[in-house]
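Grab a pencil and work through these exercises one at a time. Try each task yourself before you read the solution under it.

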Amino acid sequence: MKKYARMFALLSVVSAATPALSHAQTLVPAGKMFANAFLDVRAPLTGDWMIAKSSQAELAFARAGDALNESFIAQVSLFALPDFKGKDEFEALVKQGVQADSPTERFKPVSADFEYTEQRGYPCVKYVGVTEDMKAKTSTSATETVKLMLQFNSLYCQHPTVPGVGFMVGMSHRGDAVIEDLAKDAEVFIAGVQVAKRTAKPVVQTEAPAGMQPEVIPQTQPEVQPAAPAEEVEEEVRG
C-alpha cells in the first residue's frame with residue numbers, strides 16, 4: 001500500500017497555501033461547473049475563490065481568510081486505487097494515506113475521525129481531522145514559519161464505474177484556530193462533486209491511469225495556474 005500512500009495528498013496544497021492571493025487574479029464564478037470523463041465538479045458557491053492548482057488529476061480552489069495567514073482550500077483529486085477487500089481494508093488504506101502525508105517532523109495530529117459510508121451507492125470514507133502545522137509558511141516572509149491549525153473535512157471514494165481509480169473531495173482551513181462553519185461549507189462543496197455523466201475508459205487497477213498521476217508538489221506557495229484542463233461547462237449555480 002505504500003505505493004499509493006501519497007496519492008491521497010491534501011496537505012501538499014493546504015499547507016502551501018497562504019493568504020497571499022491577489023484579487024487581481026481571476027476569480028472563479030460561484031457554482032461554475034468543471035467536467036471531465038471522471039468527475040463533474042461544481043466550484044464553491046460562496047466566497048472569492050481562485051484556482052490554486054490545476055492538472056488532469058487535481059483541481060484546487062483557494063481563498064484567503066479574514067485573519068493574517070488564514071486560508072481555505074476546496075480540492076478534488078484522482079488517485080490510483082489498489083485492490084481492497086471490504087470496508088475495513090478500504091478505511092485502513094485511507095488512514096494510511098492521510099498519515100503518510102503528515103510527516104511528524106512538521107505536523108502534529110490533534111484529532112482524526114474516519115467513517116466508512118456507502119451513502120452515495122459506492123464505497124467511501126469520510127475523514128474529519130485537525131492537525132497542527134508547526135512550520136507553516138507565512139504570507140509576509142519567505143523564510144519565517146509559524147504554528148497554525150489545519151482542519152479537514154474530506155470524502156475518499158472508489159470511482160463506481162472506473163476500476164483502479166479513486167477520488168478525494170474535501171475542504172480545509174488553515175489559521176490560528178479551528179472554525180465551526182467548515183463542516184457545513186465542506187458538505188455543500190462535496191455534494192457538488194459527482195461521478196461524470198459521460199463514462200471514462202477502464203484502467204489497469206494496479207497502476208495509475210495514463211496522464212492521471214498526481215504530482216507531489218513542494219511545501220511552498222502555489223502559483224495560481226490557468227483554467228483547469230477539465231472542461232468548463234457553461235452552467236452556474238449561485239447560492
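A residue counts as buried when its relative accessible area is under 20%, as exposed when that area is over 50%, and as partly exposed in between. Keep in mind that you're looking at a predicted model.

**Exercise 1. Work out whether Phe-34 and Phe-61 are buried or exposed, and describe how their rings pair.**

Step 1: Start with the areas. Phe-34 has a relative accessible area of 2%, so it's buried. Phe-61 comes in at 0%, so it's buried too.

Step 2: Now look at the rings. Their centres are 5.8 Å apart and their planes make an angle of 55 degrees. Stacked needs under 30 degrees and edge-to-face needs over 60, so this pair counts as tilted.

Step 3: Find them on the chain. Phe-34 is in strand E1 (residues 33-35) and Phe-61 is in strand E4 (residues 58-64), so the pair links parts of the chain 27 residues apart.

**Exercise 2. Decide whether Ala-30 is buried or exposed, and say where it is.**

Step 1: You'll find Ala-30 in the loop between helix H2 (11-14) and E1.

Step 2: Its relative accessibility is 15%, so Ala-30 counts as buried.

**Exercise 3. Which strands pair with E8, and in what sense?**

Step 1: Take E7 and E8. They pair in the antiparallel sense over twelve bridges, and one of the partners to look for is Val-146 in E8, the bridge partner of Ala-136.

Step 2: Go on to strand E9 (residues 165-175). Ten bridges join it to E8, again antiparallel, with Met-149 opposite Gly-175 in E9.

Step 3: Follow the turn. The hairpin of E8 and E9 has six residues between the strands, and Gly-164 takes a positive phi near 85 degrees there.

Step 4: Count the buried residues. Ten of the 14 residues of E8 are buried, so E8 is largely enclosed by the rest of the structure.

**Exercise 4. Describe the largest pocket and what lines it.**

Step 1: The largest pocket holds about 360 Å³ of space.

Step 2: Its lining has 14 residues, and Gln-119, Lys-126, Leu-155, Glu-187 and Ile-190 lie nearest the centre.

Step 3: Sort the lining by type: seven nonpolar, four polar and three charged.

Step 4: Ask who contributes. E7, E8 and helix H4 (182-191) each supply at least two residues, and H4 gives the largest share, with five.

How values were computed. Residues are numbered from 1 along each chain as its sequence is written. This is a predicted model: local features need pLDDT of at least 70, side-chain atom pairs count only at pLDDT 80 or more; totals for chains, interfaces and linings use all residues. Side-chain values use heavy atoms; hydrogens and water are left out. On a 1 Å grid over the protein atoms alone, a cavity is a set of points where a 1.4 Å probe fits but cannot get out, and a pocket is an open set with protein on both sides within 12 Å along at least five of seven lines; lining residues have an atom within 4 Å of a point. Grid points are joined across faces, edges and corners, and a volume is the space filled by probe spheres set on the points. Helices (H or I, at least four residues) and strands (E, at least two) are DSSP runs, numbered from the N terminus. Ala, Val, Leu, Ile, Met, Phe, Trp, Tyr, Cys and Pro count as nonpolar, Asp, Glu, Lys and Arg as charged, and the others, Gly among them, as polar. Rings of Phe, Tyr and Trp (its six-membered ring) pair if their centres lie within 6.5 Å; planes under 30 degrees apart count as stacked, over 60 as edge-to-face and the rest as tilted. Buried means under 20% relative accessible area, exposed over 50%, partly exposed in between (1.4 Å probe, protein chains only). Two strands pair if DSSP finds at least two bridges between them.
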